[in-house]
Amino acid sequence: MAVFTPLTQPQVVEFLSRFDAGALVSLEGVPAGTENTTFFVTTNRRALVLTLFEQGEHEELPFFVELLDYLDEHRLPVPGPLHDRNGDALHTLAGKPALLFPKLPGQHPKAPNLAQCHELGDTLGHMHVVSRHFPGHRPNPRDLHWLLLMHHKVLVYLSPEDQTLMKDEVETYQGFFGDATTLPQGALHGDLFRDNTLFDGDRLGGLIDFYNGCTGDLLFDLAIVINDWATEADGRLDPARHDAILVAYQARRSLTVAERDAWPMMLRLTALRYWLSRLLVVYVDPPAHDLTPHDPDRFRTILKARLEDGALPLPEVSQ
Ligand SMILES: Nc1ncnc2c1ncn2[C@@H]1O[C@H](COP(=O)(O)OP(=O)(O)O)[C@@H](O)[C@H]1O
Ligand SMILES: N[C@@H](CCOP(=O)(O)O)C(=O)O
């Protein structure tokens with residue numbers, strides 16, 4: 001389903017010959033995935049993942065390689081791309097940019113338990129401690145400036161009530177966050193949903209799909225995680241998962257006073273970010289491929305719940 005570009009065995013044999021990764025044993029297209037073509041490649045030495053980039057900003061791929069290399073060097077559980085004998089990670093295969101990764105163990109957790117939430121919070125906290133020193137730079141493509149610019153495009157498809165909700169929210173964020181960058185900065189995953197993680201039982205196999213990776217407010221990443229990992233079907237926060245993630249995260253990195261102040265607003269902003277990006281996919285810029293889009297209403301529900309309930313108290317943590 002998500003193999004947009006088929007590959008032949010001889011193409012992959014030739015591709016693998018550039019690396020010290022062993023000889024091809026099997027090649028299997030991966031049906032999951034929505035944007036890129038993914039293959040599981042098994043050699044006589046190791047299990048690998050081959051990604052062909054179908055869309056997006058190809059000129060941004062060196063940033064993603066640099067970020068994954070950096071996190072891998074700092075022993076974060078990410079798929080550090082394989083470099084060929086000349087030191088190059090980025091290649092062209094079947095006319096598409098291609099990267100080869102180690103295959104990480106595990107499955108996406110659908111209903112994460114508290115041990116998994118703890119692992120995720122710990123790893124994200126660790127990643128943010130490390131990523132504050134990452135030298136690369138890529139402005140967050142889904143930040144407040146993007147919300148300001150893009151929300152106009154979907155208003156016409158919304159009910160009058162939802163139009164008011166969206167416009168009022170964006171205006172409120174603008175007033176709150178303004179242009180000041182007072183929040184701690186670093187490299188972000190940018191889209192750390194459950195389906196961008198792999199768990200082998202309670203053990204985190206790794207974080208994948210860094211193609212929303214960027215630099216910006218670390219709090220943005222944490223709010224995305226809480227909205228996806230610790231939210232009930234009705235949009236309300238689940239206190240146990242919320243606390244498991246935040247206690248583990250803060251054992252690595254305490255939130256600053258400014259971050260604590262911004263937290264309720266950041267939960268709202270990141271909920272609206274996905275409400276908007278999903279609406280854009282449905283109404284404005286549908287994918288070329290026949291894939292079922294994610295439900296925008298899920299994030300409208302989450303936004304409304306955050307507005308009604310506010311944020312849960314942030315757990316106090318002594319480091
Ligand atoms: N390094 C990896 N290790 C194990 N599985 C992976 C790895 N990278 C991707 N996958 C698998 O391939 C699927 C699609 O990859 P992903 O990068 O999320 O593609 P897309 O950007 O198209 O959604 C993932 O859901 C996961 O099952
Ligand atoms: N995880 C997202 C999809 C990626 O977001 P995008 O801004 O890159 O389109 C979702 O669940 O909507």
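Mentor: A residue is listed as near if one of its heavy atoms lies within 4 Å of the molecule. This is a predicted model: local features need pLDDT of at least 70, side-chain atom pairs count only at pLDDT 80 or more, and totals for chains, interfaces and linings use all residues. Residues are numbered from 1 along each chain as its sequence is written, chains are lettered from A and ligands numbered from 1 in the order in which they are written, and side-chain values use heavy atoms, with hydrogens and water left out.

Trainee: Which side chain has an N or O atom 2.8 Å from a nitrogen atom of ligand 2?

Mentor: A polar contact is a pair of N or O atoms within 3.5 Å; within protein, one must be able to donate a hydrogen and the other to accept it, and residues adjacent in sequence count only if both atoms are side-chain atoms. Here the side chain is that of Asp 191. Oxygen atoms of ligand 2 are 2.8 Å from a side-chain N or O atom of Arg 142 and 2.7 Å from a polar side-chain atom of Arg 278. Ligand 2 taken alone exposes 350 Å², of which the protein buries 85%; accessible areas come from the Shrake-Rupley method with a 1.4 Å probe, and for residues only the protein chains shown count as cover.

Trainee: Which residues come nearest to ligand 1?

Mentor: Of the 17 residues around ligand 1, these are Thr 34, Glu 35, Asn 36, Leu 104 and His 108. A polar side-chain atom of His 108 lies 2.9 Å from an oxygen atom of ligand 1, and a backbone N or O atom of Pro 102 lies 3.1 Å from a nitrogen atom of the ligand.

Trainee: How many disulfides does a search of the whole structure find?

Mentor: A disulfide is a covalent bond between the sulfur atoms of two cysteines. The cut-off is a pair of cysteine sulfur atoms within 2.5 Å, and the search finds 0.
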